[in-house]
Amino acid sequence: MSSAIPPTFTARLHQSAAMHTRLVPLEGAGNVRDLGGYQTHDGRRTRWGILLRADALHALSAADRECLLGYRIGTVIDLRQDDEIGRAPSVFANAAFVSYQHIPIREDDVADSDSRYIAPAPQTLTEYYRHVVDCCKLSLRAVFDALTT
């Protein structure tokens, strides 16, 4: 009898151990986080193990993919631009076991804005995220629609 643990079992073990851990340690992506545990406006908390955010899914190892599958990932939403995906496709782009959706974050096309005013470029990450919320509403709506369907 082999003493090796099957990869899917390893992934499930990792899931239960990491259920209440913010950071998900992976070899090929350095910023994968579980968005569970945050307090909502009505005092409840978001559920652990339901929504992950990640960077650089193009560089995941086979062990990384198994780890993420332990979270029972059903949908992967890629927010990168077309040229970024062309240079480094997501390992989930053609996966049969997840729904892969490409929804690039783009600024809304606002025809009635004053073209004489150009907002200064964001200088900090906080400013950048505020800019995205203010100027990319159509893309963000598409992301939330994808998450709720």
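The exercises below, each with a worked solution, concern a predicted model.

**Exercise 1.** Work out which residues of helix α5 are buried and where they sit around its axis.

*Solution.* Begin with the helix itself: α5 runs over residues 137-148, twelve residues in total, and reaches 16 Å from its first C-alpha to its last, close to the 16 Å expected at 1.5 Å a residue. Next, pick out the residues with under 20% relative accessible area; in α5, Ser-139, Val-143 and Ala-146 are buried. These residues cover an arc of only 65 degrees around the axis, and therefore lie on the same side of α5. Finally, ask what covers the buried residues of α5: the covering elements include β3 (75-78) and β4 (99-102).

**Exercise 2.** Determine how many disulfides the model contains, and examine Cys-135.

*Solution.* A pair of cysteine sulfur atoms counts as a disulfide within 2.5 Å, and by this rule the count is zero. For Cys-135, the nearest cysteine sulfur belongs to Cys-136 and is 6.1 Å away, so Cys-135 is in no disulfide. Cys-135 is partly exposed, at a relative accessible area of 27%, while Cys-67 is buried, at 9%.

**Exercise 3.** Identify which element supplies the largest share of the lining of the largest pocket.

*Solution.* The largest pocket, with a volume of about 1,600 Å³, is lined by 39 residues, of which Leu-52, Arg-53, Ala-54, Ile-77 and Leu-79 lie nearest its centre. At least two lining residues come from each of β2 (52-53), β3, α4 (125-135) and α5, and the largest share, five residues, is that of α5.

Note on methods
Residues are numbered from 1 along each chain as its sequence is written. This is a predicted model: local features need pLDDT of at least 70, side-chain atom pairs count only at pLDDT 80 or more; totals for chains, interfaces and linings use all residues. Side-chain values use heavy atoms; hydrogens and water are left out. Helices (H or I, at least four residues) and strands (E, at least two) are DSSP runs, numbered from the N terminus. The expected span of a helix is 1.5 Å times one less than its number of residues. Buried means under 20% relative accessible area, exposed over 50%, partly exposed in between (1.4 Å probe, protein chains only). The arc is that of the directions from the helix axis to the C-beta atoms. Contact means heavy atoms within 4.5 Å. On a 1 Å grid over the protein atoms alone, a cavity is a set of points where a 1.4 Å probe fits but cannot get out, and a pocket is an open set with protein on both sides within 12 Å along at least five of seven lines; lining residues have an atom within 4 Å of a point. Grid points are joined across faces, edges and corners, and a volume is the space filled by probe spheres set on the points.
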